[in-house]
Amino acid sequence: MSSSPRTPGSPHLPARERWLGWLFVAGQFALLGVLLTAVWDGVTALGLRVAGGLAVVAGLAIMVAASQRLGRELRTHPAPSASAVLRVDGPYRFVRHPIYAGLLLVALGLTAAAGSVVAVLAFAALLVWLTLKARFEERLLAERFPGYLEYARRTPRFVPRLPWREHRG
């Protein structure tokens, strides 16, 4: 099966980009699996487990809110669908990738709860992996939506700006 070249707004991706997108998805789930395994194997202080649990709940809430904002456009693969529109409101007004941000908060909570070197390494690998995935996705979004680069210039990738720092000149 051959793939046609992608033009802006086209849902068709070259085979290499489809494969790369799925590789990013598989990698993030594998790293989350490592974190979950580390949590079950680790024994940490109650305070770290409670703080980790709170971070997990907060991260899941962020992921749900961002997913609801995407609605039917929510996809596993990072490429936008044919009917996608650029979201810059709701959680997307604070960060460009709120689902990834929530996932990183979940992972940070799991890392705190696990309290192990393996968990810290898995978290660091997930952060790098999601940064690479976000850059891949951002390239596709910039090709698809003319206003994306301006949105990306003013909106952080994962961590929102502090409110008192936004108005500095």
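In this predicted model, Glu150 is partly exposed, because its relative accessibility is 37%. The side chain of Glu150 forms a salt bridge with that of Arg153, at 2.7 Å from N to O. Arg153 is exposed, because its relative accessible area is 57%, over the 50% cut-off. Both residues belong to helix α5, which spans residues 148–154. Glu150 and Arg153 are three residues apart, so about one helical turn separates them.

Side chains of opposite charge can pair when their charged atoms come close. The count of salt bridges in the model comes to six. One of them joins the side chains of Arg139 and Glu17, with an N to O distance of 2.8 Å. Arg139 is in helix α4 and Glu17 in helix α1, so this pair ties together parts that lie 122 residues apart in sequence. Arg139 has a relative accessibility of 34% and therefore counts as partly exposed. Glu17 has 9% and therefore counts as buried, since the limit for burial is under 20%. The pair also belongs to a network of salt bridges, in which Glu17, Arg139 and Glu143 are linked.

Another salt bridge is formed by the side chains of Glu138 and Arg96, at 2.9 Å from N to O. Glu138 sits in helix α4, whereas Arg96 sits in the loop between α2 (46–70) and α3 (98–114). The two residues are 42 apart, and their pairing links distant parts of the chain. Glu138 and Arg96 are both buried.

Packing of the helices was examined next. Two packed helices are described by the angle between their axes and the distance between the axes. Helix α1 covers residues 15–41 and helix α4 covers residues 117–144. Their axes come within 9 Å and cross at roughly 160°. Angles over 145 degrees count as roughly antiparallel, and α1 and α4 are therefore roughly antiparallel to each other. The crossing of α1 past α4 is left-handed. The contact of α1 with α4 comprises 20 nonpolar residues, three polar residues and three charged residues.

Trp129 is located in helix α4. Its relative accessible area is 22%, so Trp129 is partly exposed. Residues up to four places away in sequence aside, Trp129 touches Leu23, Phe24, Gly27, Gln28 and Leu31.

The axes of α2 and α3 are 7 Å apart, and the helices pack at an angle of about 165°. The pair α2 and α3 is therefore roughly antiparallel. Helix α2 passes α3 in a left-handed crossing. By class, 17 nonpolar, five polar and one charged residues make up the contact of α2 with α3.

Conventions. Residues are numbered from 1 along each chain as its sequence is written. This is a predicted model: local features need pLDDT of at least 70, side-chain atom pairs count only at pLDDT 80 or more; totals for chains, interfaces and linings use all residues. Side-chain values use heavy atoms; hydrogens and water are left out. Axes are lines fitted to C-alpha atoms, for helices over the stretch in contact, and angles run from 0 to 180 degrees between N-to-C directions. Helices (H or I, at least four residues) and strands (E, at least two) are DSSP runs, numbered from the N terminus. Angles under 35 degrees count as roughly parallel, over 145 as roughly antiparallel, 65 to 115 as roughly perpendicular and the rest as oblique. A crossing is left-handed if the near helix is turned anticlockwise from the far one by less than a right angle, and right-handed if clockwise. Ala, Val, Leu, Ile, Met, Phe, Trp, Tyr, Cys and Pro count as nonpolar, Asp, Glu, Lys and Arg as charged, and the others, Gly among them, as polar. A salt bridge is a side-chain nitrogen of Lys or Arg within 4 Å of a carboxyl oxygen of Asp or Glu. Buried means under 20% relative accessible area, exposed over 50%, partly exposed in between (1.4 Å probe, protein chains only). Contact means heavy atoms within 4.5 Å.
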